[in-house]
Amino acid sequence: MKKIEAIIFDMDGTLYSFDEGNESQFTSSRFGKEIRANCILFFKERFSLSLDDAESMYQDLNRRYNGEVSLAVEKEFGIDRREYFAFTWNLVAEEFIATNELLLPTLQELTILSGVLTAAPRVWAEKALAFLQIRQFFGDALFTGDPDIRKPDREAFLQLAQFWNLEPSQILSIGDQEQTDILPAKSLGMQTLRIATQAETKADFMASDIITAIALLKEKGII
Ligand SMILES: [Mg+2]
């Protein structure tokens, strides 16, 4: 495999794990549950509903919009998605994120371009990256889940390629989720690395965590 010019990092579950460990079960994680509770609270307060009715409303929108509830509130009620995100994803990073003292030096040593592509809203992405003291590595190459074009849409990956003025083949995507981080990137011709200890994957590489991943890419002569 040939050398690459840039890495697209997924955020949650890739640049950090949640302090309770494996994040792949987002909905059952403490973080996922907290966001879900906030979403239900949003409907409860906004529409003066009982908690049960608010939960039903959330479940209905979640189902009909395939998990994209922020688009549902905008489309059905004209509520700005940023207002919804600010209410639901405005969590305290240190309460959820497990820190890794090797992350900062590992990113510092990279001599290629780095970007973040996350389906999480910007309000959370900014907080999480700032808490980890790694926000500066990504500059304007931080693409979040706020716009209509968002992961796992292949267009979201292409936006980064265009931003850097690179071909997909010059980029490698790192992430912990096969469907959203690996398959769309691979279909565009990007190289891919899956963060997992054990997984069936179409990714070119697999590593248990981000530190091991970077070491592996160096060892293979990819970066
Ligand atoms: Mg992830």
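Pro152 sits in the loop between β5 and α7. The model is a predicted one. The protein chain is split into domain 1 (6-22 + 96-219) and domain 2 (30-88), and a magnesium ion has Asp10, Asp12 and Asp176 as its protein donors.

**The magnesium site**

- Along the sequence, the spacing of the donor residues is D-x1-D-x163-D. Asp12 and Asp176 therefore link distant parts of the chain, as they are 164 residues apart.
- Asp12 belongs to the loop between β1 (6-9) and β2 (17-18), and Asp176 belongs to the loop between β6 (171-175) and α8 (178-187).
- Are Asp12 and Asp176 buried or exposed? Both residues are buried.

- The C-alpha centres of domain 1 and domain 2 are 27 Å apart. The contact involves 13 residues of domain 1 and nine residues of domain 2.
- The size of an interface is often stated as the accessible area lost when the parts come together. Between domain 1 and domain 2 the buried area is about 1,000 Å², and carbon and sulfur atoms give 55% of that area.
- How many salt bridges are there between domain 1 and domain 2? The count is two.
- The two domains also have four residue pairs in polar contact, with both residues at pLDDT 80 or more.
- Arg150 and Glu68 form a salt bridge through their side chains, at 2.5 Å from N to O.

**Helix α7 and its ends**

- Helix α7 covers residues 154-164. Its buried residues are Ala156, Phe157, Leu158, Leu160, Ala161 and Trp164.
- An α-helix has 3.6 residues a turn, so residues three or four places apart point the same way.
- The packing partners of the buried residues of α7 are β1, β4 (113-117), β5 (142-143), β6 and α8.
- At the N-terminal end, α7 is capped by Asp153. A side-chain oxygen of Asp153 lies 2.8 Å from the backbone nitrogen of Glu155.
- Asn165 follows α7 and is placed in the loop between α7 and β6. Asn165 is not a glycine, yet its phi is positive, near 60°.
- Asn165 counts as exposed because its relative accessible area is 70%, and exposed means over 50%.

**Buried polar side chains**

- Thr88 is part of helix α4 (residues 81-88). With a relative accessible area of 0%, Thr88 is buried.
- A polar atom of the Thr88 side chain lies 2.7 Å from the backbone oxygen of Tyr84.
- Apart from its neighbours within four places in sequence, Thr88 contacts Ile35, Asn38, Cys39 and Phe42.
- Ser29 is located in the loop between β2 and α1 (30-46). Ser29 is buried because its relative accessible area is 3%, and buried means under 20%.
- A polar atom of the Ser29 side chain lies 2.9 Å from the backbone nitrogen of Gly32.

**An exposed loop residue**

- Ser48 lies in the loop between α1 and α2 (51-64). Its phi is positive, about 50°, although Ser48 is not a glycine.
- Ser48 has a relative accessibility of 67% and so counts as exposed.

Notes. Residues are numbered from 1 along each chain as its sequence is written. Side-chain values use heavy atoms; hydrogens and water are left out. Donors are N, O and S atoms within 2.8 Å of the metal (3.2 Å for Na, K and Ca); water is not among the atoms, so sites may look incomplete. Helices (H or I, at least four residues) and strands (E, at least two) are DSSP runs, numbered from the N terminus. Buried means under 20% relative accessible area, exposed over 50%, partly exposed in between (1.4 Å probe, protein chains only). Domain bounds come from an automatic or database domain assignment. Contact means heavy atoms within 4.5 Å. Buried area is the accessible area (1.4 Å probe) that two parts lose on being put together, summed over both. A salt bridge is a side-chain nitrogen of Lys or Arg within 4 Å of a carboxyl oxygen of Asp or Glu. A polar contact is a pair of N or O atoms within 3.5 Å; within protein, one must be able to donate a hydrogen and the other to accept it, and residues adjacent in sequence count only if both atoms are side-chain atoms.
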